[in-house]
Amino acid sequence: MLARVERPAWGNVLLCALLAMLLLGLGLWHASEGESYHPGGTRAWVAAGVAGTWLAFTAWVAMRRAAARRPLAVAGAAGEQVLVAFASQTGSAAQLAAQTAASLQQAGMRTQLIELGTLTHAALASCRRVLFVVSTTGEGDAPDSAAAFVTRLMSSPQALPALQYGLLALGDRDYEHFCGFGRQLEQWLQLSGATPWFDAVEVDNGDPAALRHWQHHLSLVSGAADMPDWERPDYQRWRLVERRLLNPHSKGGACFHLALQPLDGDLSWQAGDLVEIGPQHAPAMVERWLATAGLEGDRIVAQQGRALALREWLATSQWPTPGAARGLTPNKLVEALTPLPHREYSIASVPGDGSLHLLVRRMQREDGSLGLGSGWLTEHAAIGETIALRIRANPGFHAPPAEVPLILVGNGTGLAGLRALLKARIGNGYSRHWLLFGERQSACDFYHRDEILAWQQQGHIERLDLAWSRDGAGTIYVQDRLREAATALQAWVADGAAIYICGSLEGMAPGVDAVLREVLGEALVAELREQGRYRRDVY
């Protein structure tokens, strides 16, 4: 943050000296007068001018002080430029980088697209945020166009302490060194002091699900919740069978446990996987839009191999303004519709539970309306209704294959991913688990309290640390609990423990990362990442 410039001390001295001289002059002016009388017009105007000047000066100082007391504004989406650097061998990375830049520009952010090979240290050091889109060629090598960057900069770490980065790495798992150059680039960035804006996304042979996850990150960092998907997910049909409020009377947002069962196929996923949900508008909102546009919702429209009522098309689409829709035939309107973007949630259960569980917080927009995805799942969708859902593998957050100690850290709805990992591990007979969980109030926001405490009592959770930010006088977060347990953290890691983080990208995740680096050291944290013993699912 920029430092606030204070008025230097000599300015105060000079001001006092001027006031003293003015006072002395006025005194000498009236020294010969023995009695009071009207000073005359000239002297009155001079006195009024002096007083007016003083008042104006005082007001100016007051305004400067008030402005200085206001917090400095963070550069908004429209004012902050994001550099999008790409390294492409066949053109795929270049195309995805261009799509990335275009998506951010549509969200109101300024971007600059640049080929990685032309990027200098001075240009990189002057940037605050950079998105890298890079492919790998051969056996883990950089694309030919990036050779100059590798030779010029990546031969040794650089000083990039102010840089935040995001990384989209393209590769093919048929090759031994999958995403080899992307991983080399990330390691070099971390050794250079740069910090991840969000976790790297690796794409296997153009996997559209991984690319949608990249878009998910773009929508979060840009604040554009309605950023359209580049490619719509191939949803399956699931039925919402249970919805239960977990935190009545909480000072935070309402949080719900949801259970869904498949109408097509079986229950099949691994702990750590995610779901992509196809949200819908509330039925009442659809009917209001139809009435304003003067259209009949029952009209059947055949498009894309489907014949649906107009209201059904509208329920899953972004709308034009009612005025823009007037005069369009239903067919032309449906042709122009853009599908609603998907929403991602961590799975909170294992297939053996008999249903897919989610932990969803109801979000509210500034105007009081409910968030698109959370509003659909927690309010508008009726029990028994069909939900468009797709399971997305998330191998970067799967449980370790061996019986190693596990440190699980999360806050809020991040408990979902940790709960699934615990269920899977406990089911395999493992018990060396340390859970650190944080929320607002113990009385309201301890989700799945009975289950977690039972696991602790049965010995499935060896250590449990809880942080409640709104209980008591002080504000306590999970990173504070982790710092307090520094000795235990060092001992668990020395015993081979893996660390899994799930929850908020803002606040919690960087706070935990800072404590890990403080307690374990930069080199060991980098080693844990390389070994796959430090993993995150943050949003």
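## The antiparallel sheet

In this predicted model, strand β8 (residues 255–262) is joined to β15 by six bridges, and the two strands run in the antiparallel sense. Within this pairing, Cys-255 stands opposite Arg-361 of β15. Both strands belong to an open sheet of six strands, ordered β14-β9-β16-β7-β8-β15 and paired in antiparallel fashion. The edges are formed by β14 (343–346) and β15 (356–361), each of which pairs on one side only. On average, neighbouring strands of the sheet are turned by 40° against each other, direction ignored.

Helix α12 (residues 372–380) is mostly covered, with seven of its nine residues buried. The buried residues are Leu-372, Gly-373, Ser-374, Gly-375, Trp-376, Leu-377 and Thr-378. Their packing partners are β7 (236–245), β8, β9 (274–278), β14, β15 and β16 (386–392).

## The parallel sheet and its helices

A second open sheet contains five strands in the order β19-β18-β17-β20-β21, and its pairing is parallel. At the edges stand β19 (463–468) and β21 (534–538); each has a single partner strand, so one side of each is left without a neighbour in the sheet. The twist from one strand to the next averages 10°. Strand β17 (residues 406–411) is joined to β18 by six parallel bridges, and the bridge partner of Val-409 in β18 is Leu-436.

Helix α17 touches β17, β18, β19 and β20 (498–503), and its direction makes about 140° with that of β18. Helix α18 touches β17, β20 and β21, and its direction makes about 155° with that of β20.

## The nonpolar core

In soluble globular proteins, nonpolar side chains tend to be buried together. The largest nonpolar core of this model has 52 residues. Those with the most contacts inside the core are Leu-168, Ile-407, Trp-434, Leu-489, Ile-499, Leu-516 and Leu-520. Helix α18 (residues 508–520) gives the most to this core, contributing seven residues.

Leu-168 lies in strand β4 (residues 164–171) and is buried, with a relative accessible area of 0%. Not counting residues up to four places away in sequence, Leu-168 touches Leu-96, Phe-132, Val-133, Val-134, Val-201, Val-203, Leu-211 and Trp-214. Leu-168 and Ala-93 are 75 residues apart in sequence, and their C-alpha atoms are 8.8 Å apart in space.

## Aromatic pairs and a charge over a ring

The model contains ten aromatic pairs, counting rings whose centres lie within 6.5 Å. In one of them, the rings of Phe-198 and Trp-214 have their centres 5.6 Å apart and their planes at 70°; the pair is therefore edge-to-face, since planes over 60 degrees apart fall in that class. This pair links distant parts of the chain, 16 residues apart: Phe-198 is in the loop between β5 (195–196) and β6 (201–204), whereas Trp-214 is in helix α7 (residues 208–222). Both Phe-198 and Trp-214 are buried.

In another pair, the ring centres of Trp-434 and Trp-492 are 5.5 Å apart and the planes stand at 55°, so the pair is tilted. Trp-434 lies in strand β18 (residues 433–439) and Trp-492 in helix α17 (residues 486–494), so the pair ties together parts that are 58 residues apart in sequence. Trp-434 counts as buried because its relative accessibility is 0%; Trp-492, at 6%, also counts as buried. The charged end of Arg-432 sits over the ring of Trp-492, 4.4 Å from the ring centre. Elsewhere among the aromatic residues, Phe-437, Phe-446, Tyr-447 and Trp-468 form one cluster.

## Overall composition

The protein has 19 helices and 21 strands. Of its 539 residues, 45% count as buried. Among contacts with a separation of 6 or more, 75% are accounted for by residues 24 or more positions apart.

Notes. Residues are numbered from 1 along each chain as its sequence is written. This is a predicted model: local features need pLDDT of at least 70, side-chain atom pairs count only at pLDDT 80 or more; totals for chains, interfaces and linings use all residues. Side-chain values use heavy atoms; hydrogens and water are left out. Rings of Phe, Tyr and Trp (its six-membered ring) pair if their centres lie within 6.5 Å; planes under 30 degrees apart count as stacked, over 60 as edge-to-face and the rest as tilted. Helices (H or I, at least four residues) and strands (E, at least two) are DSSP runs, numbered from the N terminus. Buried means under 20% relative accessible area, exposed over 50%, partly exposed in between (1.4 Å probe, protein chains only). A charge sits over a ring if NZ of Lys or CZ of Arg is within 6 Å of the ring centre and within 35 degrees of the ring normal. A nonpolar core is a set of buried Ala, Val, Leu, Ile, Met, Phe, Trp, Tyr and Cys residues joined through side-chain atoms within 4.5 Å. Two strands pair if DSSP finds at least two bridges between them. Axes are lines fitted to C-alpha atoms, for helices over the stretch in contact, and angles run from 0 to 180 degrees between N-to-C directions. Contact means heavy atoms within 4.5 Å.
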